[in-house]
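Please read this briefing with the sequence and the 3D structure open beside it.

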Amino acid sequence: MSKDPELQNYKLIDLLEEINSINGIQRIRLGSIEPLLITEEFVERLKKLEKICHHFHLSLQSGCDETLKRMNRRYTTEQFKEIVRLLRNAYDDVNLTTDVIVGFPGETDEEFSKTYKFLEEIKFYKMHIFKYSPRKGTKAAVMPNQISGDIKEERSRKLIELSDKNEIEYNESYIGKNVEVLFEEEKDGIFKGHTQNYIMVYCELNKNLENQVISVRCEKAEQAAVYRQYFPLCTGWIGGICPDGTDALRGGVSAHPGPGGGGAAGADYLHAERCHYFGTGGLCSGGRSDGPGAGDHLCPLGRNHGPLS
């Protein structure tokens, strides 16, 4: 608490409102936040700030009230559930992540089961799972009913599997969608960055994207990321040149259906009717070749193109 009388009533939301008004700042991402700071008033003011990223890391620790009480946490699972409701009502695309500790002293099979069911219900995008480790000088280190290492390992494995399942399902839901990505770094010609709601994105391109916010469309999803290979307003692959001379990077739309003149990885440009195929090749439903090679595939519009013949 500040000793300055003018700052004693100054809250986090006040600071965020001031930062949001600064020119040149495009995104404001909150790190780990104390769950009880998220009140109805806080969310009502927060959702008016257009630069706030729709990702919140809420440290839960356990989904069982008995365990939370032994951890000396100041909230219950019902309070936490209400916090999640407020955020999801405020943002359609909000992404929630959390921390969970397994094997805290006294955590019975029944208590762990309650945690698992609670996490299934909340369905976090990603969970960071930690196995409790005693620290000398802490109250927990001398609590009775310490949990064995093999039990901690098994509980950790179950929650990691649940987290992985949630992550891939959410990433897959973005296939075919347009998103804006802040690309942050490059390695071996692959740029990576984050959407506003904290989905990791990879994009292969021979132009520098670092520190740029670029609008792209999802191509495929994996556990740790979704991949975007081209811009939504362009019928060509990223960096490709359409027959009319349009640079795909600038988002031009070619009026020429048919085989293209190159592009990333030598792929043909996409057709003007916007059958957004991206893969190893196949036969478009309109009878046009979508690229080199062969193989069955589904385009984002749901068409099964079948093998190239």
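Residues are numbered from 1 along each chain as its sequence is written, and side-chain values use heavy atoms, with hydrogens and water left out.

**Overall model and confidence**

- The protein has six helices and nine strands; helices (H or I, at least four residues) and strands (E, at least two) are DSSP runs, numbered from the N terminus.
- Of its 309 residues, 44% count as buried. Buried means under 20% relative accessible area, exposed over 50%, and partly exposed in between, with a 1.4 Å probe and protein chains only.
- Contact means heavy atoms within 4.5 Å. Among contacts between residues at least 6 apart in sequence, 60% join residues at least 24 apart.
- The mean pLDDT (the predictor's confidence in each residue, from 0 to 100) is 77, and 72% of the residues reach 70 or more.
- Residues 230-309 have pLDDT below 50, and this stretch has 178 contacts in the model beyond near neighbours in sequence.
- Where pLDDT is low, the predicted coordinates should not be read in detail.

**Helix α5**

- Helix α5 covers residues 109-122, which is 14 residues, and reaches 20 Å from its first C-alpha to its last, close to the 20 Å expected at 1.5 Å a residue. The expected span is 1.5 Å times one less than the number of residues.
- Glu111, Phe112, Thr115, Phe118, Leu119 and Ile122 are the buried residues listed for α5.
- Seen down the axis of α5, the buried residues fall within an arc of 120°, so they line one face of the helix. The arc is that of the directions from the helix axis to the C-beta atoms.
- An α-helix has 3.6 residues a turn, so residues three or four places apart point the same way.
- On the face of α5 turned away from its buried side are the exposed residues Asp109, Glu110 and Lys117.
- The cover over the buried residues of α5 includes α3 (65-70), α4 (77-90), β3 (95-102), β4 (126-131) and α6 (149-172).
- Lys123 follows α5 and has a positive phi, near 55°.

**Helix α4**

- Helix α4 also has 14 residues, and its C-alpha span from first to last is 20 Å, close to the 20 Å expected at 1.5 Å a residue.
- Its buried residues include Thr77, Phe80, Ile83, Val84, Leu86 and Leu87.
- These buried residues of α4 pack against α2 (40-46), β2 (55-58), α3, β3 and α5.

**The loop between β3 and α5**

- Pro105 lies in the loop between β3 and α5 and is buried, with a relative accessible area of 1%.
- Apart from residues up to four places away in sequence, Pro105 touches Arg70, Tyr132, Ala140, Met143, Pro144, Asn145, Gln146 and Ile147.
- The C-alpha atoms of Pro105 and Gln146 are separated by 4.6 Å, although the two residues are 41 residues apart along the chain.

**Aromatic rings**

- The structure holds eight aromatic pairs. Rings of Phe, Tyr and Trp (its six-membered ring) pair if their centres lie within 6.5 Å; planes under 30 degrees apart count as stacked, over 60 as edge-to-face and the rest as tilted.
- Phe104 and Tyr132 have ring centres 5.3 Å apart and planes at 70°, so the pair is edge-to-face.
- This pair links distant parts of the chain, with Phe104 in the loop between β3 and α5 and Tyr132 in the loop between β4 and α6, 28 residues apart. Both Phe104 and Tyr132 are buried.
- Tyr170 and Tyr174 form a tilted pair, 5.4 Å centre to centre with 45° between the planes. Tyr170 is partly exposed at 21% relative accessible area, whereas Tyr174 is buried at 7%.
- The charged end of Lys177 sits over the ring of Tyr174, 4.6 Å from its centre; this term requires NZ of Lys or CZ of Arg within 6 Å of the ring centre and within 35 degrees of the ring normal.
- Tyr75, Phe80, Phe118 and Phe124 form one aromatic cluster.

**Positive phi in loops**

- Asp188, in the loop between β5 (178-187) and β6 (190-195), has a positive phi near 55° and is exposed, with a relative accessible area of 70%.
- Tyr198, in the loop between β6 and β7 (200-204), has a positive phi near 75° and is partly exposed at 31%.

Key. This is a predicted model: local features need pLDDT of at least 70, side-chain atom pairs count only at pLDDT 80 or more; totals for chains, interfaces and linings use all residues.
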